[in-house]
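I opened this entry to record what I looked up in the model. Overall numbers come before single residues.

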Amino acid sequence: MRFRIRKCPECGRYTLKEVCPVCGAKTKVAHPPRFSPEDPYGEYRRRLKREELGIARRG
């Protein structure tokens with residue numbers, strides 16, 4: 001079984017558990033997603049980020 005270190009978004013502590021033992025908040029995986037040059041959803045992710053930031057697309 002593989003364990004991934006997790007981080008609590010509330011208090012910022014690291015743990016291996018799904019729930020933070022200190023504050024009780026749900027933890028998130030601390031590692032970024034694996035990079036792939038053939039990313040099938042990259043275009044959609046970048047489009048969403050541009051919309052959230054209010055950046056107009058060039059060209």
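**Surface, fold and one arginine**

I started with the surface. The chain exposes about 5,800 Å². Carbon and sulfur atoms supply 53% of that area. I note here that this is a predicted model.

Next I checked burial. Of the 59 residues in the chain, 12% count as buried.

I then looked up the secondary structure. I found one helix and three strands. Read from the N terminus, the order is β-β-β-α. I asked why the chain counts as more spread out than a compact globule.

The C-alpha atoms fill roughly 50 × 30 × 10 Å.

Contacts came next. I took those between residues at least 6 apart in sequence; 12% of them join residues at least 24 apart.

Then I looked at charge. The chain carries 16 positive and 7 negative charges. How far apart are their mean positions? I noted 6 Å.

I found Arg45 in helix 1, which covers residues 42–53. Which side chain does Arg45 meet in a polar contact of 2.3 Å? The partner is the side chain of Asp39. I also checked Arg45 against Pro9, 36 residues away along the chain. Their C-alpha atoms are separated by 22 Å.

Conventions. Residues numbered from 1 in each chain as written. Predicted model: local features only at pLDDT ≥ 70, side-chain atom pairs only at ≥ 80, totals over all residues. Heavy atoms only, no water. Helix = DSSP H or I, 4+ residues; strand = E, 2+ residues; numbered from the N terminus. Rg over C-alpha atoms; globule rule 2.2 N^0.38 Å. Buried < 20%, exposed > 50% of the residue type's maximum accessible area, 1.4 Å probe, protein only. Contact = heavy atoms within 4.5 Å. Areas by Shrake-Rupley, 256 points an atom, 1.4 Å probe, with all protein chains shown as cover. Lys, Arg positive; Asp, Glu negative; His and termini not counted. Charge placed at Lys NZ, Arg CZ, Asp CG, Glu CD. Polar contact = N/O pair within 3.5 Å; in protein donor to acceptor, adjacent residues only side chain to side chain.
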